[in-house]
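Here is a short report on how two chains meet. Look at the model first, then read on.

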Amino acid sequence: MREDAVRGSRRDVLGVVLAGLSGVAMFAALGMVFLYAPREATMGDVQRIFYFHVASAWIGFFAFFVTCLAGIGYLVQGERRWDVLALSSVEMGLTFTTMTLLTGALWARPVWGTYWTWEPRLTISLVQWLIYVAYRMLRAAIEAPERRARFAAVYGIVAFVTVPLSWFAIRWWRTIHPDILMGGEGMAITPRMVHTLVVSLVAFTLLYATLLRLRMQLECAVDALARLQARVESLRDQLTSRPPD
Amino acid sequence: MTALHVSRFTLHVSHVCGRVQHNQGDLLNFLRTVWAVVAKDITAELRTREMISAMLVFSVLVLLVFSFALDLQGTVARAAAPGVLWATVAFAGTLGLGRSLAREHQTGCIDGLLLAPVDRSAIFLGKALGNLAFIVVVEGVLLPLFSALFDVPLLRPAVLLVAALGTVGYAVVGTLLAAIAINTRAREVMLPVLLIPLAIPALIAAVRATGVLVDGGVLAEVGGWIRLLVVYDLVMVAVSMLTFDFVVEE
């Protein structure tokens with residue numbers, strides 16, 4: 001599978017289909033966000049960022065869930081492909097969580113008058129982001145591939161089980177001391193808004209799948225390159241160590 | 001290969017989960033192993049006193065820094081007390097946790113422990129309980145000192161309960177992550193980066209519950225936070241015991 005992924009990348013039907021689908025879905029979502037969804041009454045056009053904000057937050061969470069499952073898969077089977085999946089999914093999750101934080105800040109500025117509020121959902125995104133930055137740092141700090149995969153799997157599992165607990169803690173923390181900025185934040189959701197949100201969610205999920213696949217292929221290519229380099233090395237050693245005639 | 005891995009994993013899981021149902025002799029042996037590891041750590045600490053003294057001095061220094069940074073007097077002290085207290089415990093805790101595992105590695109003791117024909121989750125529990133004991137000792141000094149310095153009533157049974165629950169989860173997951181961090185290139189630097197974001201739920205719950213109690217609240221008012229701490233502790237103990245084997249597999 002790994003070799004195929006590298007060699008067959010020129011005629012990668014599934015990859016092309018996925019990329020095409022996510023491209024179409026993204027354009028559809030963009031069109032709906034600007035042309036189909038109604039203008040929100042109190043917040044105005046800036047509310048349109050909501051559709052991509054929520055979609056990227058969903059992918060952030062989902063990607064880390066995939067990493068947790070891949071970690072379990074790795075600990076059970078000990079196969080490299082689970083580690084590739086876990087690593088690729090974390091990077092996608094980090095990308096989309098970064099987007100969540102940025103779009104959240106852009107939304108908060110005109111609506112709440114500040115780029116950042118310690119609002120529960122923003123805060124939990126920040127905590128998640130920090131957890132998985134730590135995950136990347138952990139991987140970068142271990143050289144042995146097998147140990148790196150094992151430790152990362154353990155951390156991915158332990159980290160993910162704390163996410164729901166953090167979520168509860170941060171929500172309660174904020175509801176006990178309600179933020180005045182949050183007063184009257186409630187948004188009237190119309191059916192058109194729901195349709196747009198659903199299309200955005202589908203588009204982002206497809207985009208995630210496309211990027212995840214590409215990232216995994218890249219990692220497999222890195223592995224293949226390392227194997228080839230090792231083979232070249234051993235061949236060169238054989239040539240140079242041959243006794244002179 | 002795969003089947004072997006699966007069976008190894010299920011065996012491991014069922015072993016860890018079903019330990020309590022084993023006969024009494026097994027459980028006693030398990031507890032004896034746990035105690036042996038705890039006793040070893042306490043003896044080593046009593047001889048050198050390097051960890052506890054470093055943690056204590058460091059936590060007093062953190063208090064000092066906070067008192068300058070926030071000008072901790074009167075009502076400010078009372079409002080900031082829970083946060084300052086728990087930040088101090090968390091920082092001093094990472095210091096101790098890192099040291100505890102680093103000492104095992106420097107002396108090669110961890111290799112001896114892992115070679116011993118005993119259950120590895122017993123070794124893990126022993127290390128975690130030892131670390132818990134050290135953090136509790138530091139808290140035992142810190143709480144009265146804090147009450148006296150900033151005139152905040154912390155020596156109440158309800159606060160002590162919150163402190164105990166908050167510390168258990170922190171020590172357990174901290175022990176697991178310290179065992180990971182010690183095997184990385186960055187070593188001690190890695191532990192706080194890994195541990196603090198995972199300790200967020202426990203930190204928030206402990207700070208909030210302590211805050212309510214310091215303001216004269218009763219235990220019933222912080223029931224939600226106590227439950228959150230209990231769930232955090234249980235989840236962390238379970239996940240750490242299930243995954244520790246994989247951390248020390250070499």
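In this predicted model, 31 residues of chain A are in contact with 31 residues of chain B. Two residues are in contact if their C-beta atoms, placed from the backbone, lie within 7 Å. The table lists the elements of chain A that give two or more residues to the side touching chain B. Helices are DSSP runs of H or I with at least four residues, numbered from the N terminus.

| Element of chain A | Residues |
|---|---|
| helix 3 | 49-77 |
| helix 5 | 120-140 |
| helix 6 | 145-176 |

Helix 6 of chain A gives the largest share of this side, 18 residues. By class, the side has 24 nonpolar, four polar and three charged residues. Here Ala, Val, Leu, Ile, Met, Phe, Trp, Tyr, Cys and Pro count as nonpolar, Asp, Glu, Lys and Arg as charged, and the others, Gly among them, as polar.

Now take one residue of chain B. Ala122(B) sits in helix 6 (residues 120-150) of chain B. Ala122(B) counts as buried because it has 22 C-beta neighbours inside 10 Å. The cut-offs are 20 or more other C-beta atoms within 10 Å for buried, 12 or fewer for exposed, and partly exposed in between. Leaving aside neighbours within four places in sequence, Ala122(B) is in contact with Phe30(B), Thr33(B) and Val34(B).

Residues are numbered from 1 along each chain as its sequence is written, and chains are lettered from A and ligands numbered from 1 in the order in which they are written. The model is predicted: local features need pLDDT of at least 70, side-chain atom pairs count only at pLDDT 80 or more, and totals for chains, interfaces and linings use all residues.
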